[in-house]
Amino acid sequence: MLAIETATDACSVAVSIDGVISDIHEVIPRQHSQRLLGMLEELVPGGDLRGAGIELIAYGEGPGSFTGLRVAASAAQGLAFAAELPAVGVSTLACQAMTATREGLVDQDAVVLSLIDARINQAYFALYADDAGLPSCLFGPGVCVPERLPAADLRAAAAGAPVVAVGSGAVFAHQFPVGFDVACSDTLTNILPHARDLLPLAQAALEHGQVQTPEQIAPTYVQDRISWKKLSEQGKRA
């Protein structure tokens with residue numbers, strides 16, 4: 001399996017062949033498109049995915065950076081078409097929760113509130129509980145300003161378990177609704193999703209038949225609309 005995750009400041013690629021995982025993970029904001037192909041070449045020299053034993057392409061489908069999501073989706077789509085391989089899209093929020101758990105930063109009895117800074121004074125979020133070693137979504141995904149986080153729904157979904165906030169969006173924890181207590185730290189806010197953590201999630205999706213053809217590969221933005229406009233949409237400047 002080949003996994004690609006570029007939805008955040010991290011550009012991350014992993015390959016699993018016969019149970020052996022090789023990966024490259026670099027925090028390089030706005031440089032994903034320049035570095036991604038080089039990473040792929042390092043992990044699969046010559047780019048012959050089928051020849052290397054790759055049978056499936058997994059990609060972080062989002063939510064996250066609009067540009068980053070398109071980088072991963074377009075790379076996955078191009079590779080899937082070229083190698084005639086199926087693909088699996090995996091939630092970036094779930095991948096991030098998996099990363100936090102794998103790195104031992106979340107107690108087993110806690111639930112993970114995975115958050116990504118949406119860059120427009122909002123945060124993407126979803127709540128996960130551990131299910132046989134994999135994050136199972138309890139609530140979300142969604143996007144909102146921190147003050148309007150659906151605290152009552154999240155508390156109900158957590159069912160009394162302690163909540164740990166992870167990811168770049170966790171920097172907004174002090175703005176969450178009053179009474180919604182989450183554990184957070186600088187270490188937790190600095191967590192970024194690793195492509196190697198897409199692998200078990202993609203395997204689970206594969207076992208449930210959630211496979212895409214190259215034509216079906218697409219980002220999941222979550223945003224219904226955005227509050228900013230491109231320069232071409234802003235009209236002429238004086």
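Biologist: Is aspartate 9 buried, partly exposed or exposed?

Modeller: In this predicted model, aspartate 9 is partly exposed, with a relative accessible area of 26%.

Biologist: Which residue does aspartate 9 form a salt bridge with?

Modeller: Arginine 119, with the closest N and O atoms 3.2 Å apart. Aspartate 9 sits in the loop between E1 and strand E2 (10-17) and arginine 119 in the loop between E6 and E7, so the pair ties together parts that are 110 residues apart in sequence. Arginine 119 counts as exposed, at 59% relative accessibility.

Biologist: How many salt bridges does the count come to?

Modeller: Six. One of them joins aspartate 197 and arginine 102, at 2.6 Å between the closest N and O atoms. That pair links distant parts of the chain, 95 residues apart. Aspartate 197 counts as buried at 2% relative accessibility, while arginine 102 is partly exposed at 39%.

Biologist: Which residues do salt bridges that share partners join into one network?

Modeller: Glu26, Arg35 and Glu42. Within it, glutamate 42 and arginine 35 meet at 2.8 Å, N to O.

Biologist: Changing topic. Which residues touch the most other members in the largest nonpolar core?

Modeller: Ala3, Val106 and Val166, out of 33 residues. H4 gives the most to this core, with six residues. A second, separate core has 26 residues, among them Leu36 and Ala75.

Biologist: And H3, which of its residues are buried?

Modeller: Phe66, Gly68, Leu69, Val71, Ala72, Ala73, Ala75, Ala76, Ala80 and Ala83. Their cover includes strand E1 (2-5), helix H1 (32-43) and strand E7 (123-131).

Biologist: What comes just after H3?

Modeller: Glutamate 84, with a positive phi of about 55°.

Definitions and conventions. Residues are numbered from 1 along each chain as its sequence is written. This is a predicted model: local features need pLDDT of at least 70, side-chain atom pairs count only at pLDDT 80 or more; totals for chains, interfaces and linings use all residues. Side-chain values use heavy atoms; hydrogens and water are left out. Buried means under 20% relative accessible area, exposed over 50%, partly exposed in between (1.4 Å probe, protein chains only). Helices (H or I, at least four residues) and strands (E, at least two) are DSSP runs, numbered from the N terminus. Contact means heavy atoms within 4.5 Å. A nonpolar core is a set of buried Ala, Val, Leu, Ile, Met, Phe, Trp, Tyr and Cys residues joined through side-chain atoms within 4.5 Å. A salt bridge is a side-chain nitrogen of Lys or Arg within 4 Å of a carboxyl oxygen of Asp or Glu.
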